[in-house]
Amino acid sequence: MSDRVETLRWRAGRLELIDQRRLPARVEFVACATAQEVARAIRDMVVRGAPAIGCAAAYGIALEAARMKDTTPAVFASGMERAFEVLAAARPTAANLFWALERMRTVLRGGGQTGPADNAGRLLEEAQRIVSADIAANRAMGAHGAALLADRARVFTHCNAGALATAGHGTALGVIRSAVAAGKRVSVIVDETRPFLQGARLTAWELQQDGIPVTLITDSMSGHLMSRGEIDAVIVGADRIAANGDVANKIGTYMIAVLARRHGIPFYVAAPLSTLDASLDNGGAIVIEEREASEVRGHAGVEWAPAGVAVRNPVFDVTPAELVTALITEKGVVRAPDRGKLAALLV
C-alpha cells in the first residue's frame, strides 16, 4: 500500500491529496490549486499526519508561487506572505508544518533579486525535495526500528502513522513494514482511535492492503490485552517532540504509555528529525489543538450524543520522555531520549 497509493501527488500543476475522510469506503483525491485550498484541506483533515501536513504545506507555497509567477515582484512578495500566514494557521500542533514552511521561506529569501517566475521554479523544486526526503527518512527509520521487533512480535499502534500520514512508507507503520520485509512475522493490534477513528478507518485499511495481519480493538481494550500478555511492543508516531523528549501525539497516547510502563512493555516513538522542536523546553509548552465538538458527538453524519451536551476535544496529549523506551529516527535509535541525546541528533 505504501508504494501503490500516493498520499499526495503533483499532477499537471496541481496538488492532489487522497481524501482521508472518505477512507476506507472510497479512494478519492482532492485537487488543490492555491495555498488557501491546501490550508483548507489540512484544516478539514483531507490530509493529516505531521509529515504529510508538512509536505502538503510546502506544495501549497509552490502552488501560490506558480499562480503569481507573472506578477510584479512587490505583488508576488505580498501574496507569498499571505500564503505563508494562511498555511501556518491551518493546524497548530504539527511541528513538520512549520519546519516545512521555514524551509520554503529560506529558499524564497535566497532568491535575492531573481524574479517571481524563477522563485516559483525554485520553490517547486524545494517542495519536491521535502517530499523525497520524507520518504527517505521513513525508510531509514523503518530499517533502524525493525531491529527492535522480534519475530512473531505482536505490536500495538495508536492512530495512523503510516503511509497516509507521510509522503510514503510511514513512521510507526514504516517500522512494521520494514520488519515484515526483513522476514519477520509481525502482527498488529490497532485501536479505533476516537474521535476521528484514524486507527479503524486508516491504519487497519493500510495493513490489510499490505497483507499484514491486523486486529482492531476499541480504545478501552489495550490495558486488558497488555495484562493478558497479548502485546509485545507499542509503536506510535509523533506530531511534535520537545527538546527534553516529551512527545505530543494523538490523544490517548499518554494513557497507552502509562499502561505499557505498568506492564513492562517497550513503548517506541518513530518520528523524523523534522518533528523535533528544540525551541520548546518541554511538553508543557506544546500548543494542543482543540477541534470542534461535532467530532466527539458523532461521525460521518451520525450523531450519538444528546444535542447541546458540553464537549472537550483536545486532539493531542503529551507523553513524558521518561515513558519513552526509545525514539526511532532516520539517524538511528535513541534509547531513553533526553535533552542531551536529542541535541546531539540535531548537530
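Mentor: Let us start with Ala41, which has its place in helix H1, residues 35–43, and keep in mind throughout that this is a predicted model.

Trainee: Okay, is Ala41 buried or exposed?

Mentor: Ala41 has a relative accessibility of 4%, so it counts as buried, the cut-off being under 20%.

Trainee: And what does Ala41 touch, leaving out residues up to four places away in sequence?

Mentor: With those neighbours left out, Ala41 is in contact with Leu17, Cys32, Val46 and Val47. For a sense of distance, the C-alpha atom of Ala41 is separated by 41 Å from that of Gly229, which sits 188 residues apart from it along the chain.

Trainee: You mentioned a cysteine there. How many disulfides are there?

Mentor: The count comes to zero disulfides. Cys32 takes part in none, and the nearest cysteine sulfur to its own, that of Cys55, is 14 Å away.

Trainee: Changing topic, where does His158 lie?

Mentor: His158 is in the loop that runs between strand S4, residues 154–157, and helix H6, and with a relative accessible area of 2% it is buried.

Trainee: Which polar partners does its side chain have?

Mentor: The side chain of His158 makes a polar contact of 2.8 Å with the side chain of Asp191, and a polar atom of the His158 side chain also lies 2.9 Å from the backbone oxygen of Ile251. Apart from residues up to four places away in sequence, the residues that His158 touches include Asp191 and Ile251, along with Thr193, Ile235, Val236 and Lys250.

Trainee: How does H6 meet H5?

Mentor: The axes of H5 and H6 come within 7 Å of each other and cross at roughly 65°, in a right-handed crossing. On the H5 side the contact involves Met141, Gly142, Ala143, Gly145 and Ala146, and these meet Gly174, Val175, Ser178 and Ala179 of H6. By class, that contact has five nonpolar, four polar and no charged residues.

Trainee: And what about H4 with H5?

Mentor: Helix H4, residues 95–109, and helix H5, residues 116–146, have axes that come within 9 Å and cross at roughly 145°, and this crossing is right-handed. H4 contributes residues including Trp99, Arg103 and Met104, while those from H5 include Arg122, Leu123 and Glu126.

Trainee: How do the residues of that contact divide by class?

Mentor: The contact of H4 with H5 has eight nonpolar residues, one polar and four charged, whereas the contact of H5 with H6 has no charged residues.

Methods
Residues numbered from 1 in each chain as written. Predicted model: local features only at pLDDT ≥ 70, side-chain atom pairs only at ≥ 80, totals over all residues. Heavy atoms only, no water. Helix = DSSP H or I, 4+ residues; strand = E, 2+ residues; numbered from the N terminus. Buried < 20%, exposed > 50% of the residue type's maximum accessible area, 1.4 Å probe, protein only. Contact = heavy atoms within 4.5 Å. Disulfide = S-S within 2.5 Å. Polar contact = N/O pair within 3.5 Å; in protein donor to acceptor, adjacent residues only side chain to side chain. Axes fitted to C-alpha atoms, helices over the stretch in contact; angles between N-to-C directions. Left-handed = near helix turned anticlockwise from the far one by under 90°. Nonpolar A, V, L, I, M, F, W, Y, C, P; charged D, E, K, R; others polar.
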